[in-house]
Amino acid sequence: MNRRSPMQSNYNYPFTAIAAQDNLKLCLLLNLIDPSIGGVLATGDKGTAKTTMVRGLSQLMGVDFPFINLPIGATEDRVLGNINLEALINEKTTVVDKGLLAQAHQGFLYIDEVNLLNDYLMDVLLDASASGGYHLEREGISQWMESRFCLVGTMNPEEGELRPQLLDRFGLSITVTTPTDIKVRSRIAMQRLNFDNDPETFCKQFAAEEERLKQQIVLARKQLATVSIPEQIQELCAQLTITNQVEGMRADILLLKTARAYAAYSNEVVITSEMVTRIAPFVLQHRTKEYTPPNDSDVQNDGDQNKNNSEEHTTTQPETTPQHTEFQLPKEVQRGLQFSRPRESKKQAVKLAGLNTMSPVSYRAKKAREVAVTKSVLSYLKTGQLDRIYKQFEQKAMAHVVFLVDTSASMAVDKQMAYLKGIITQTVVSNPLQKIRYAIVGLQDNTAKILQEFTINTKQIVSINHQLRTRGKTNLGAAFLKVYELLRSLNVETTQLFVFTDGKANAGAADPFGYAIKVYKKYLNKIPKTTIIDTESGFVRLGKAKELAQVLRLEYAIISDF
C-alpha cells in the first residue's frame, strides 16, 4: 500500500470521524443550514479537536466552501486586502489582492484565540458581520468587498475575555471540555493514530457517512423556509429571553432561527418545545448572567410549555461574575476605579475616575515604522529612485495597572483589608476588556512578593486579590523593588501604580520609611501616575501614608474617599 506521511497528506480528518463534542458539532451544522445564525464561539480546553472539526466540515462541503484561518497576528493588509505590486510594477495597472475576510465569503472564517485579536481587526469583523462586507480603502482605491461568512472562534477564557460587542455577534456559544470517559478517549487516540498512519484509507472508511451527512445538510437547507413556527413556540422564545434578562432582540430572533434550523436538520416540519430547550443554551449562555443550561432530563422529557418555562426560571450565580468581596461597598463606589482605554491617537489617556483628586495620565505611544508600499512604488515609477515612504500612524498601547497592597497586620483593623479587596475586585470586574493588564504586589513575611504578574485574566486577578491575608510587618522598600521588577521590560509611560497602605513602614532597614522613599526615587520616579491610597483607620492617626505622598509628590487619597 502506498502510504503518505501526515505532512504529505491532502486530507483533513473526517468530520463524522470525530468522537464526542456533539454540541459543538451540532452548532456548526446548524450554521451550515442557516448561515444567518452568525457563527459559533467555542470556549474551553485546548486539544479538543475544535480546529480539526471546522476543517473537517469544510472538507465535507467541498471545494466551493472556503475555510479561511485568520491568525491573530495578521497584518491589516493581509486581512483586508492590498494592491498587487507585481501588476503595478510590470503592467502599470492596479489589481486588488483579496484579503482573508473577502476570501472567506460564503464559507468559514476561523479565528483561534479570538479574544486576543487586536481592537481594530475586531471592529472590522463587527462591521463585516453586520453588513456582509467592508470598504477596502488603500492608496488610490476604494472598493466594496463582499464578505458574508460563518464566524467560528475559539478561546481560552483564562487568557482574557472577549469584547461584549464581538461576543454578541457570535450567534451560538458552546463550552468545550476534555472527554473523561476512558473508552471515548481511547477511541479518539486510536482513530487519530490510524489517520496519521494512512489518511487516504482512513477517509475512505468514512466516505459514505460523510456523503450522507452532506446530503442531510443540503436537504435541510432546502426545507428551512418551510418549517412552521407555532405561536406557542414564539411565546416560549420570548419568555426565555425575558426570564434571562437578555438585552435587545437579537436573542429572540436567534432562538427562532436556530430552532428552525434544528427542525430542518431533524427532517421535521414543525418546531417543538423540546427543540427550543435543546438549542436554547447555545443562544443564551453568552448573552445573560442568569442562564442555567437544562440538564439531560430537561432535554429528554416531553414536558409542556409551562414546564419548559418553569425550568428556565431556575438560575444560579454564574462563574463569570466573581463575587469575592468580603465587605459591602457603598453604592457610590460599587463600580470600583474606572479606567479609560488607550485609543489610536498621538496622545493616550489612562485615567482613574472616582476620586476628585485624580487626573488623566498622558503618554505618547511608540510610532510604528511600516512602509507604505504602494506610495513607495508609485514614487519609484515616477522618479526612478526607490525612496521608502512610511505610513503615518501610532501604535495602540496597553495600559498596565499595578495594585501594591499592604497586607501587614495593621491592615486587619476595622475591616480595612476587606474594604480595599472590595475596591480592587469591583475595579477589575468593571473593566473586563483587554486594554488593561493588571498585576498585584503584596507585602508578606516582612518582605514583598509579586503575587500576580501582568495579566488580562480578570478572574485570576480577582482570585488572587480574594486570597490576600494580613500578617507580618510593612516593608515598603521591598514592595517598591518588586514593582520595579515588574516594570523593567515595559514602557513605564503606560503604567499606573496604586499603593494601598497606612504608610507605617517598620521593616527592611534601620530607617524603613526613609528606605522606602529612597527606593521609590531611584527606581520608580518615571511612573507618570502613582496614587497613595491611605488605609489608616482609628481615632489617632500617624499620617505616614500622607507624608509618603507629600515627600514623593504623589497623588493622595484616603480610603474613606471611596
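A: Strand β1 (residues 40-44) pairs with strand β9 (residues 172-176) in the parallel sense, over 5 bridges. Two strands count as paired if DSSP finds at least two bridges between them. Strands here are DSSP runs of E with at least two residues, helices are runs of H or I with at least four, and both are numbered from the N terminus. L41 has its bridge partner in β9: S173.

β1 also pairs with strand β8 (residues 149-155). That pairing is parallel too, over 4 bridges. Here A42 is bridged to T154 of β8.

This is a predicted model, in which local features need pLDDT of at least 70 and side-chain atom pairs count only at pLDDT 80 or more, while totals for chains, interfaces and linings use all residues. Residues are numbered from 1 along each chain as its sequence is written, and side-chain values use heavy atoms, with hydrogens and water left out.

Now look at cover. 5 of the 5 residues of β1 are buried, so the strand is largely enclosed by the rest of the structure. Buried means under 20% relative accessible area, exposed means over 50%, and partly exposed lies in between (1.4 Å probe, protein chains only). In a regular strand the side chains alternate between the two faces of the sheet. In β1, V40, A42 and G44 are buried on one side. L41 and T43 are buried on the other.

Next, a residue in another strand. Q452 sits in strand β16 (residues 447-455). Its relative accessibility is 13%, so Q452 counts as buried. Beyond its neighbours within four places in sequence, Q452 is in contact (heavy atoms within 4.5 Å) with A439, I440, Q460, I461 and I464.

Then a helix. α13 (residues 273-284) has 12 residues. The helix reaches 16 Å from its first C-alpha to its last, close to the 16 Å expected at 1.5 Å a residue. That expected span is 1.5 Å times one less than the number of residues. α13 is mostly covered, with 10 of its 12 residues buried. Among them are M275, V276, I279 and F282.

L381 lies in helix α16. Its relative accessible area is 33%, so L381 is partly exposed.
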